[in-house]
Amino acid sequence: MGGGIQCYLTNLQPESELMRRALRLLEEKYLQYKYIEDFADELGVAKETLAGKFKGECGVGLKRLLLALKIEHAVYLLTNSNLNIKTISEQTGFKIPQRFNECFRKIFGIAPGDFRKNNELRANADEKLLEFLGKLKKT
């Protein structure tokens, strides 16, 4: 990995100060945000305003981006630790492991436990995450 969501965020050049602040905060604290409202509150704006700014200036939905960041972290943990799936789901902000499983499958097409065993898919995780964001075309 190395060219995934974090790299995508680093290369964004938002127009507004709000978005520059939002991106810095998101990179630092994305695992702490359970809901978009929490993130918007910390920035002092309405969630609708923030969501519109993300779509307009970054070309991606905030909810989707937050999910991709959390799943990217899960990929790191699946690849570099022996933590069980329940612990990984908790550490990535999912209260319900089934919801984590569902979101993970949405991006990778397989369960997290199967992903851990699939070297080819693990090697292409960045591409799948960017594809999920709509920033890379399916091959």
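1. Sorted by class, the largest pocket's lining comes out as 9 nonpolar, 1 polar and 9 charged residues. Here Ala, Val, Leu, Ile, Met, Phe, Trp, Tyr, Cys and Pro count as nonpolar, Asp, Glu, Lys and Arg as charged, and the others, Gly among them, as polar. A pocket is an open set of points on a 1 Å grid over the protein atoms alone where a 1.4 Å probe fits, with protein on both sides within 12 Å along at least five of seven lines, and lining residues have an atom within 4 Å of a point.

2. Before going on: this is a predicted model, where local features need pLDDT of at least 70 and side-chain atom pairs count only at pLDDT 80 or more, while totals for chains, interfaces and linings use all residues. Numbering runs from 1 along each chain as its sequence is written, and side-chain values use heavy atoms, leaving out hydrogens and water.

3. Back to the largest pocket: of its 19 lining residues, Lys34, Lys63, Leu67, Phe94 and Arg99 lie nearest the centre. Helix 3 (36–43), helix 5 (62–80) and helix 7 (97–108) each give two or more residues to that lining, and helix 5 gives the most, with 5. Helices are DSSP runs (H or I, at least four residues), numbered from the N terminus.

4. Now the rings. The whole structure holds 7 aromatic pairs (ring centres of Phe, Tyr or Trp, the last by its six-membered ring, within 6.5 Å; planes under 30 degrees apart are stacked, over 60 edge-to-face, the rest tilted). Tyrosine 33 and phenylalanine 39 have ring centres 4.8 Å apart and planes at 50°, so they make a tilted pair. Elsewhere, ring pairs join Phe94, Phe100, Phe104, Phe108 and Phe115 into a cluster.

5. Have a look at phenylalanine 132, which sits in helix 10 (residues 125–133). The charged end of arginine 64 lies over its ring, 4.1 Å from the centre (the cut-offs: NZ of Lys or CZ of Arg within 6 Å of the ring centre and within 35 degrees of the ring normal). Leaving aside residues up to four places away in sequence, phenylalanine 132 touches Arg64, Leu67, Ala68, Lys106 and Ile107, a contact being heavy atoms within 4.5 Å.

6. Last, glycine 93, found in the loop between helix 6 (85–91) and helix 7. Glycine 93 touches Lys34 and Lys70, again not counting residues up to four places away in sequence.
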